[in-house]
Amino acid sequence: MNQPFAPAASLAPHLNPVHIEAGNRTLAEMQDLASSLTFAAMLTDDGFEIVHLNGAHTDGGRFASMSSSVQALSDAVAHELKIGTNEYVIIASELGHVIQLRVQGHPIVLAALFDTHETLGKGLSIARIAARRMAELIA
Amino acid sequence: MSEHVVLFAGPMGSGKTTAIRSLSEIDVVSTEAANTDRATADKETTTVALDYGEITIDDVTKVRLYGVPGQKRFDFMWSILAGRARGLLLLINNDAPDSVELLLEYLNDFRELHERGAVVIGVTKSDVAATPTVAEYSAALTAAVPEQLIPVFTVDPRNAEEMRTLLLSLVASVEMRELLAPAPEKI
């Protein structure tokens, strides 16, 4: 079968303009839902940043690599303990919390840093909405 | 039972995960993700946090095998895991561009570990690329680290016996280093 143009889906997510545009839109909508969102990024499973929001004080590339490792380690723990699929990861600290979860059906992770003005529950709810939105936009 | 912690390091695609799988007596804990950087290494998956396995040698020595991601963007994992290791098993794929230079870069990245512990080099994929030779790697290592004799082997990470030889050589070096270390002063 002739296929004159490579389909967008064959590009790595961090190089795919469709994913980049969808990621920017999703993170902007996420910011509208939570002013406590200090930093957020969409990244590939293997740690490449696709897009980020509010990156003035955070090294987006390093954050993406660390989020990728954390996600993989969490998945490994869930697998080792036979407790099913890892749904999300929370790192709760004194001055903020990181919430990260997969965009269902894609090798993409959403990682978001909220300040302590946000409750963990609301942060998680907003992150879930954003992950679903990203999945819709790149479906 | 004594224990050693050994770190498997080297570029993406050098065979670290495969080597640990060849050696380990337990199910290896892996953290692999879909590889989107096919230009660097044409393989389906890549390690993004660590690999972990265990092997018992001579019935009384357990060796904990930690593999780190090859890409520099994961160097925070290198620091975390190097801190607990005493031995460095550095793999270099012979088909990598400028593989001798690349080996020296990785060796330098883990300098703190091999200066206080021990290191061996495993040259992989020498069936894919015949050069550089082991002698060329050895000459470069001698020039770069004249104070330390660093063994270089060609290995196939899929071959458990070859990997075991490499590992035993490393463990012997670690144990020798520990024996020669000055005893702590008595108060």
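Student: How is the angle between two helices defined, and at what angle do the axes of H3(B) and H5(B) cross in this predicted model?

Tutor: Axes are lines fitted to C-alpha atoms, for helices over the stretch in contact, and angles run from 0 to 180 degrees between N-to-C directions. The model is predicted. In chain B, the axes of helix H3 (residues 99-109) and helix H5 (residues 134-144) come within 10 Å, and their crossing angle is roughly 40°.

Student: Is H3(B) roughly parallel or oblique to H5(B)?

Tutor: Angles under 35 degrees count as roughly parallel, whereas these axes cross at roughly 40°. The crossing of H3(B) past H5(B) is right-handed. The angle therefore makes the relation of H3(B) to H5(B) oblique.

Student: Which residues of H5(B) are met by H3(B), and how many residues of the contact are nonpolar?

Tutor: From H3(B) come Val100(B), Leu103(B) and Leu104(B), and they meet Glu136(B), Tyr137(B), Ala140(B) and Ala144(B) in H5(B). By class, this contact has one charged residue and no polar ones, and the nonpolar residues number six.

Student: How are H1(B) and H6(B) oriented to each other?

Tutor: Helix H1 (residues 16-23) and helix H6 (residues 160-180) of chain B have axes 9 Å apart and pack at an angle of about 95°. Angles of 65 to 115 degrees form one class, so H1(B) and H6(B) are roughly perpendicular.

Student: Which residues of H6(B) does H1(B) meet, and how do the residues of the contact divide by class?

Tutor: Ala19(B), Ser22(B) and Leu23(B) are the residues of H1(B), and their partners in H6(B) are Ala160(B), Met163(B), Arg164(B) and Leu167(B). The contact divides into one charged, one polar and five nonpolar residues.

Student: In what order do the strands of the open sheet of chain B lie, and which are the edge strands?

Tutor: Seven strands form the sheet, with mixed pairing, in the order E2-E3-E4-E1-E5-E6-E7. From one strand to the next, the twist averages 20°. Each edge strand pairs on one side only, and these strands are E2 and E7 (152-154).

Student: Which strands of chain B does H1(B) lie across, and at what angle does H1(B) run to E3(B)?

Tutor: H1(B) lies across E1 (2-9), E2, E3, E4 and E5 (87-93) of chain B. Relative to E3(B), the helix H1(B) runs at about 25°.

Student: Where do E2(B) and E4(B) pair with E3(B), and which residue of E4(B) is the bridge partner of Asp51(B)?

Tutor: E2 (residues 29-34) and E3 (residues 45-57) of chain B pair in the antiparallel sense over five bridges, and Ser30(B) stands opposite Asp51(B). E3(B) also pairs in the antiparallel sense with E4 (residues 61-67) of chain B, over seven bridges, with Thr56(B) opposite Lys62(B). In E4(B), the partner of Asp51(B) is Gly67(B).

Student: What phi does Asp58(B) have in the turn of the hairpin?

Tutor: E3(B) and E4(B) form a hairpin with three residues between them. Asp58(B) lies in that turn, and its phi is positive, about 45°.

Student: Which helix of chain A gives the most to the side that touches chain B?

Tutor: In the contact between the chains, 18 residues of chain A meet 14 residues of chain B. The side of chain A has eight nonpolar, seven polar and three charged residues. With nine residues, the helix that gives the most is H2 (residues 60-81) of chain A.

Student: What radius of gyration does chain A have, and why does it agree with a compact globule?

Tutor: Chain A has three helices and five strands, running α-β-β-α-β-β-β-α from the N terminus on. For 139 residues, a compact globule would have a radius of gyration near 14 Å, so chain A agrees with its value of 15 Å.

How values were computed:
Residues numbered from 1 in each chain as written. Chains lettered and ligands numbered in written order. Predicted model: local features only at pLDDT ≥ 70, side-chain atom pairs only at ≥ 80, totals over all residues. Contact = placed C-beta atoms within 7 Å. Helix = DSSP H or I, 4+ residues; strand = E, 2+ residues; numbered from the N terminus. Nonpolar A, V, L, I, M, F, W, Y, C, P; charged D, E, K, R; others polar. Parallel < 35°, antiparallel > 145°, perpendicular 65-115°, else oblique. Left-handed = near helix turned anticlockwise from the far one by under 90°. Pairing = 2+ DSSP bridges. Rg over C-alpha atoms; globule rule 2.2 N^0.38 Å.
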